[in-house]
Amino acid sequence: MTVNIELWATDGYMSTPDGNSIYIWGFSDAAGKKAQLPGPRIVVTQGDVVSITVNNILPEATSLLFPGQSGVLADTGTGPHLAQPQFDGSGNLVSLTDFADYPGNPDTNPASIKYTFTAGNPGTYLYESGTNPHKQVPMGLYGAIIVRPADYDPAIPTRKTAYGENTGTEFDREYLIVVSEIDPALHSAVEKGTEYKIREFKPRYWTMNGRCAPDTMFADGMGCLPNQPYGAMIMAEPGEKILIRYAGSGIENHPLHLHGNHTRIVAEDGRLLKNGATDLSYKRFTVLTGSGQTYDQIFTWSGLGYSPADPIPTTVPNLRNLGVGDAGWTLWSGSPYLGEKGDIPVGVTSFNGIGEYYFMLHSHEEMQITNWGEFPGGMMSMLAIFPAGTLGDTGIIE
Amino acid sequence: MAVINKRFGATDGYITMPDGSEHYIFGWVDLTGIPDSEIFSYRGKAQLLGPLLEAKVGDEVYLTLTNLGMPVRPDLDDSHTIHWHGFPNQIALYDGVPEASISVPVGRDFVYYYKPLDPGTYIYHCHFEPVEHIQMGMVGPLLVRPADYDPDNPAYKTAYGYATGTEFDREYFVFLTELDSAAHHQVAVVQEYDWTEFSPDYWLLNGRSYPDTVKSGADLPEQPFSALVKANSGETVLLRYINLGYQQHSIEILGIPVRIVGQDAVRPLGMNGENLAYWKNCNYFAAGQTLDGIFTAPAPGTYPVLNRDCYKNANAGVTPGGMVSEVQVFTAGTLPPQAGPGQ
């Protein structure tokens, strides 16, 4: 089928948990809306003909690259043609692909452009600006594309897969984590129109789905984060197959460490790790997600079998002899057991709901889990394991 | 299967670099077997790296963390935790993340329990304000032997079990961290440090900078892990690489490629059991990753170990230093059997 998507390249502001408000460029999905970070998720099915129109209202030209897609066509009103790098009259590269000009350019080139490609392979991909990408991508002109396999059917477990039936990629819940960095000096310079040297890029914030911890743990669509609609909390029940899609949309490479269990990386850059009949997937406890790369991983947390009837072999000391809520809050239930709640000291706020477990997911370059140096923050979120049968419809990307 | 009782104290201390500079650290000290009445004499005696934690699949490990406080920073009443990095299917209580369970205040104890089910090279570290506590030195090596491990039977002296192709004669840690002396100084003098300014000036192998890396363990009591690799020609050597810094590193041994038989404490195996072990000359890996590499000691001689990011082979800008060490290969029969990892 044909999928038509309209994006607006525009500006807006992102919030950081330490109270900063940072000017961004990015994409929105409706005229008049502010830019969101990252851009709208695009979910299509293998074989779809995907047409994406970019309406540019930024003060400079912009464009879209689709790394991992083949045969991308561009159309600025004169008919579709193979998207090509653009050069000025002197042969200088001005854009890595056909672009939408800025409104009001006296040369009166169109300020919108339509890209079309056939989603040939299932997987996780990025879309990102190809014009002044050293500036426009860190400013926020990026987003993720999920391509479902042609036989995808969420109602049939053997066909609810990342890469198709019989590829060993079945999953119960899925999550997308797009990681990037923010150097406020870049954003401020763009906002004020002052000079900035990209070689002096020095991030002070690190993001998951455009948010810094602890905002990463909030739900999708929080009213207090109007331009950062996507949460980064992973939620599942014991024994479920959890698909996590990492996408590195920043400039740096990030070692993402998930507590709780190893993950099996089944695909990189939207390609199944298989060579004929030879399976090349591998397990990791830390996945170095490089700039521009994507990693699809599936794992299960099954626990160690402890319950009040089969108790842990140690005694938990009196709470007055323990630190609980040092950060001013805790996600602990007060009990060692899944689905049980215990005492929490007076004065400590527990955000634990029904005795679920929390495991940290974070960059292991630890300065990246701060907000401008203050822990906790940055590129950090949690995996929440809920008691069996309690979670409902969570972990669905549509 | 054995019951292993260990007790690690968390406190502060000082380490030295080869240029004579001293640096304030947080770290671990082994209190196993020390009577309660004597543990306070270990305050201020943190070591870098922390003591080796070693267990076998199926063992029951009771690890007591005792927070001894910081004699140099009596104002600093930080709690601590122990996070076993990479323990599969862990429960929140034993995972050591303060935001997700508990931490251990000054003067208090907590017992962590582990029954490891998967062999390999792991790490432990404090997870309380980790950007500060890890850089300050609260890190240590952790290894799990396969259930059938038998050091007296060559076929069973392996990293991952009988017939896994991971037999070895000697084993060593290659434990990577960095030291940002400005950060350590700021912490010592009770000043805030902006961790986004992190910029190391020393790069450490097993808590030491070259040429201290090639000295014996006993030469630096606060940094007891030598980084010198020794073997007789023809012996099989297992290197347990750990990166617990905040940077990505590229470690090579000139003249000695290594076969990677484990990553993040799992064998490289496909879903149908495909053996995906491979050879590397340079091992490029990131913070929070571990590798197990095996090589056969070549002809007698000295083979330099270095960080191919050569600016990291320096001590505060002066070369040679930093992440440099040696593999020393001797004529067959020269060295007696190894007494333990890194010995």
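Reader: Hi! In which sense do E4(A) and strand E9 of chain A pair?
Author: E4(A) and E9(A), residues 112-118, pair in the antiparallel sense, over seven bridges. Two strands count as paired if DSSP finds at least two bridges between them. Strands (E, at least two residues) and helices (H or I, at least four residues) are DSSP runs, numbered from the N terminus.

Reader: Thanks! Before we go on, what kind of model is this?
Author: This is a predicted model, where local features need pLDDT of at least 70 and side-chain atom pairs count only at pLDDT 80 or more, while totals for chains, interfaces and linings use all residues. Residues are numbered from 1 along each chain as its sequence is written, and chains are lettered from A and ligands numbered from 1 in the order in which they are written.

Reader: Back to E9(A), then. Which residue there is the bridge partner of A:Val49?
Author: That is A:Thr118. E4(A), residues 49-56, also pairs with E1(A), residues 2-15, in the parallel sense over eight bridges. There, A:Val3 has A:Val50 as its bridge partner.

Reader: And how many bridges join E1(A) to E2(A)?
Author: Eight, and those two strands run antiparallel. A:Ala9 stands opposite A:Phe27 of E2(A).

Reader: What is the order of the strands in the open sheet?
Author: The order is E2-E1-E4-E9-E5-E6 in chain A, six strands with mixed pairing. E2 (21-28) and E6 (81-82) of chain A each have a single partner strand, so they stand at the edges with one side left without a neighbour in the sheet.

Reader: New topic: which residues of helix H2 in chain B are buried?
Author: In H2(B), residues 181-188, B:Ala183, B:His184 and B:Val187 are buried. Buried means that 20 or more other C-beta atoms, placed from the backbone, lie within 10 Å of a residue's own. These three cover an arc of only 100 degrees around the axis, which puts them on the same side of H2(B). The arc is that of the directions from the helix axis to the C-beta atoms.

Reader: What do they pack against?
Author: Strand E2 (22-30), helix H1 (130-135) and strand E9 (170-179), in chain B. Residues are in contact if their C-beta atoms, placed from the backbone, lie within 7 Å.

Reader: Last one: how many residues does the contact take from each of chain B and chain A?
Author: It takes 46 from chain B and 52 from chain A. H1(B) gives the most to chain B's side, with four residues.

Definitions and conventions. Buried ≥ 20, exposed ≤ 12 C-beta atoms within 10 Å, placed from the backbone. Contact = placed C-beta atoms within 7 Å.
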